[in-house]
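Colleague: I have a chain open on my screen and would like to talk it through with you. Could you take my questions as they come?

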Amino acid sequence: MDKRNLVIWDDIAPRYAAELVTSTSEVHFGVGIPGNNSLHLIPNNLGGHAVDLGCGTGENLVALSRLGYKVTGIDGSSSQLKLAEELLAANGTQGKLVLGDVSDFLLGDGEHFDVIISVGVMHFCSSLENFIARCAKLAKPGTQLVLSMPHPLDMIVERGENDERQITLRNYFPENNRIDNAYYWQKFAGKLELATGLTEHLCRPSDVINELIRNGFRIEGV
């Protein structure tokens, strides 16, 4: 993840957790997206091991633990991980928390997972290739990878504040796939003035699919 983004996340983490509350009752896949109780993407797996790349404040770690998984959370923000540690303790959840860039971090040699999940994180990473390659290193035969990210069109469309019929379509191919000032985030978190300064990276669906195939993943659903 961009270093500037990590600095901002460290600063906004407490307010983000307080004002954008996420339930621990089920694994969530993003704002406005049905959770695991509806989509049934992640099965119960007593004794399985799951990792959340960009675990944030830890809600999905608690939910995964309730499904029977041993859990590991990785995040580049120390403030986020502190809040995750508190949340896990409050829910009696045992888990491993690792401070590190989700595209470049170190775990034990040969450590693999039954489930790899990442929600709303990949578009903050400057290198799609590095992120998917890291996922591949954590996978083993049969590993389930669940990625959730905004569609590029949702990231570049802005709706007029006073006229809901007014839509501004920004460049679908911005320079270096880089979007400054987080247009997508401003749709919800920006109302809390949390998005100021965040940089996003547009990931076209074709780029994601091709990179997954290149790294040996089999796509079962979109």
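Modeller: What follows is a talk about the fold, the sheet, the cores and a few single residues.

Colleague: Before we start, what kind of model is this, and how are residues numbered?

Modeller: This is a predicted model, in which local features need pLDDT of at least 70 and side-chain atom pairs count only at pLDDT 80 or more, while totals for chains, interfaces and linings use all residues. Residues are numbered from 1 along each chain as its sequence is written, and side-chain values use heavy atoms, with hydrogens and water left out.

Colleague: How many helices and strands are there?

Modeller: The chain has seven helices and nine strands, where helices (H or I, at least four residues) and strands (E, at least two) are DSSP runs numbered from the N terminus.

Colleague: And how much of the chain is buried?

Modeller: Of the 222 residues, 45% are buried, and here buried means under 20% relative accessible area, exposed means over 50%, and partly exposed lies in between (1.4 Å probe, protein chains only). Taking contacts (heavy atoms within 4.5 Å) between residues at least 6 apart in sequence, 65% join residues at least 24 apart.

Colleague: How many bridges join strand 1 and strand 4?

Modeller: Strand 1 (residues 49-53) and strand 4 pair over three bridges in the parallel sense, and Val115 in strand 4 is the bridge partner of Ala50.

Colleague: Is helix 3 mostly covered or exposed?

Modeller: Helix 3 is mostly covered, since six of its eight residues are buried, namely Glu59, Asn60, Leu61, Val62, Ala63 and Leu64. These buried residues pack against strand 1, strand 2, helix 4, strand 3 and strand 4. Just after helix 3, Gly68 has a positive phi of about 105°.

Colleague: Which residues touch the most other members in the largest nonpolar core?

Modeller: That core has 23 residues, among which Leu53, Ile74, Ile116, Phe131 and Leu138 touch the most other members; a nonpolar core is a set of buried Ala, Val, Leu, Ile, Met, Phe, Trp, Tyr and Cys residues joined through side-chain atoms within 4.5 Å. Strand 1, helix 5 and helix 7 (205-214) each give two or more residues to this core, and helix 5 supplies the largest share, five residues. A second, separate core of 18 residues includes Val27, Ala50, Leu64 and Val115.

Colleague: Switching topic, how many aromatic pairs turn up?

Modeller: A search of the whole structure finds one aromatic pair. The rings of Trp9 and Phe124 have their centres 6.0 Å apart and their planes at 85°, so the pair is edge-to-face; for Phe, Tyr and Trp (its six-membered ring), centres must lie within 6.5 Å, and planes under 30 degrees apart count as stacked, over 60 as edge-to-face and the rest as tilted. Trp9 belongs to helix 1 (residues 3-19) and Phe124 to the loop between strand 4 (115-119) and helix 5 (128-138), so that the pair links parts of the chain 115 residues apart. Both Trp9 and Phe124 are buried.

Colleague: And Arg134, buried or exposed?

Modeller: Arg134, which is found in helix 5, is buried, with a relative accessible area of 16%. Leaving aside neighbours within four places in sequence, Arg134 is in contact with Val102, Ser103, Asp104 and Phe105.

Colleague: Last one, where is His40?

Modeller: His40 sits in the loop between helix 2 (36-39) and strand 1, and is exposed, with a relative accessible area of 59%. Its phi is near 55°, a positive value in a residue other than glycine.

Note on methods
Two strands pair if DSSP finds at least two bridges between them.
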